[in-house]
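Hi there,

Here is the structure I promised to pass on to you. Have a look at it first, and then read on for what turned up.

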Amino acid sequence: MQLLEPSPVVLRGIERNKQLFRTSKTEHHDPFSRVLAIHVRRGDYLDHCMHLANWNSSFFMWNLLPFLPDHFHGAPGGEPGKNTEANIQEFLKHCLPDMEQILDKVTQARNDYEKAVFDNRMKGHFLNTIYLLTNDKSNWLDSILARLKQDQSWNVVTSHDIVYGDAQEKEVGMAIDMELARRSAVFIGNGWSSFTSNIVHHRLADGKLPISNRFF
């Protein structure tokens with residue numbers, strides 16, 4: 001694969017924020033090797049998820065690759081533009097998961113990855129930092145951050161923690177988010193999202209294991 005390298009502006013933003021991902025266990029090696037990144041879009045996404053559900057839409061583009069571990073197949077029923085209530089609720093579990101569903105997926109993805117890579121040869125967890133790519137700024141975000149830190153002992157970084165050095169970096173903030181997710185050991189995204197799909201594409205081109213690319 002060619003022409004998939006980030007721009008100098010994006011690389012500058014990555015270097016500026018790399019210390020956010022460092023812990024005592026990554027002092028001397030790649031800090032992203034212990035990061036699990038999650039794409040959690042909220043707010044305006046409810047209407048979009050409802051639209052996708054009513055049209056019984058499939059996952060988007062690269063997210064449909066058959067060798068990836070998570071798949072979604074809409075159940076029969078309903079009609080074009082108007083799905084059944086039961087089918088809509090099933091869509092929302094994957095398109096707009098609630099807090100418990102997100103936490104369960106984080107645990108599953110970490111356990112699956114560590115088992116595949118280390119084959120239960122290590123004590124404790126290798127992945128220790130969560131990067132939450134999100135547009136949410138509500139009390140919901142405060143609540144899930146508290147759960148991740150207190151109940152699951154994660155070091156947590158969010159999109160809102162990223163520091164931009166100038167207007168150029170801020171203008172490409174989404175590309176910086178994508179590059180951070182690309183470099184992470186594990187990525188959990190939204191199967192209907194083009195943003196997620198582009199991240200998955202880059203990760204696969206980098207040779208990331210299929211088990212490290214997950215969807216809700």
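The torsion about the S-S bond of Cys-49 and Cys-95 is about -80 degrees, so the disulfide between them is left-handed. This bond ties together distant parts of the chain, with Cys-49 sitting in helix H2 (residues 45-54) and Cys-95 in helix H3 (residues 85-95), 46 residues apart. The S to S distance for Cys-49 and Cys-95 is 2.1 Å, and the structure holds one disulfide in total. Cys-49 and Cys-95 are both buried.

Please keep in mind that this is a predicted model. The mean pLDDT of the protein is 89, with 97% of its residues at 70 or more. Confidence is lowest in H2, where the mean is 86, and highest in strand S4 (residues 186-189), at 98.

Next, the nonpolar cores. In the largest one there are 32 residues, and Phe-21, Tyr-131, Leu-133, Leu-180, Trp-192 and Ile-199 have the most contacts inside it. Which elements each supply at least two residues of this core? They are helix H1 (8-17), strand S1 (35-40), H2, H3, strand S2 (129-134), helix H7 (173-183) and helix H8 (194-205). Another core, of 25 residues, lies apart from the largest one; Val-40, Phe-126, Leu-141 and Ile-188 are among its members.

Happy browsing, and do write back with any questions!

Best wishes

Key:
Residues numbered from 1 in each chain as written. Predicted model: local features only at pLDDT ≥ 70, side-chain atom pairs only at ≥ 80, totals over all residues. Heavy atoms only, no water. Disulfide = S-S within 2.5 Å. Helix = DSSP H or I, 4+ residues; strand = E, 2+ residues; numbered from the N terminus. Buried < 20%, exposed > 50% of the residue type's maximum accessible area, 1.4 Å probe, protein only. Core = buried A, V, L, I, M, F, W, Y, C linked by side-chain atoms within 4.5 Å. pLDDT = per-residue confidence, 0-100.
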